[in-house]
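Let's walk through this structure together, step by step. Have the sequence and the 3D view ready as you read.

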Amino acid sequence: METISRTTAEAAHLNRPHTQRAFGKVKFLVAAYGALSAAVLITVVVLAITGHEVTSFMWGRSAGVLASAAVTYWLTVRASRGARWAYLRVRLISVIVPIAIVAIDMIPGALPPWFVMMQVACALTIGATAFPLNGSGLRAAFPKSR
């Protein structure tokens, strides 16, 4: 069982309207990332059903990005409730995942252009979460431990 101990000052920062609005933006963007990821996977499924060429790399990639969206949303919810460990992980994800998505998309000939464009939309959406997550309001809500 996890116990979360917060000082009164930390709890006050977490309950500020600015902090909750920032988490609202992050939740919206992560949900959009999930919706775009689901759209990519659904497109792959439809293409496979209709007899178009779909590689195992496309299957794994689209399923993996969708799974990362689900985990990221869960972490965001935990962070919005005060879990510093979750906040730190979401901050890392918001920076690392877009870079990883774009880097893999740049492998010449590995993916069709439509797939790359959809994945770039996912990368832009999750990357946009880095701005509110790294803003002073949310950082103040999760001060470093001493």
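Is T19 buried or exposed? In this predicted model, T19 has a relative accessibility of 2%, so it counts as buried, since buried means under 20%. You will find T19 in helix α2.

Now pick out F23: beyond its neighbours within four places in sequence, its contacts are L14, T76, A79, S80, Y87, L138 and F142.

Next, turn to the aromatic rings. Aromatic pairs number four here. In one of them, the ring centres of W74 and W85 are 5.9 Å apart with planes at 55°, so this pair is tilted. Because W74 sits in helix α3 and W85 in helix α4, the pair ties together parts eleven residues apart in sequence. W74 is partly exposed at 44% relative accessibility, and W85 is partly exposed at 28%.

Another pair joins Y87 and F142, whose ring centres are 4.4 Å apart and whose planes meet at 10°, so the pair is stacked. Y87 belongs to helix α4 and F142 to the segment after α7, so parts 55 residues apart in sequence are tied together. Y87 is buried at 1%, and F142 is buried at 6%. Together with F23, Y87 and F142 form one aromatic cluster.

Notes
Residues numbered from 1 in each chain as written. Predicted model: local features only at pLDDT ≥ 70, side-chain atom pairs only at ≥ 80, totals over all residues. Heavy atoms only, no water. Contact = heavy atoms within 4.5 Å. Helix = DSSP H or I, 4+ residues; strand = E, 2+ residues; numbered from the N terminus. Buried < 20%, exposed > 50% of the residue type's maximum accessible area, 1.4 Å probe, protein only. Phe/Tyr/Trp six-rings, centres within 6.5 Å; stacked < 30°, edge-to-face > 60°.
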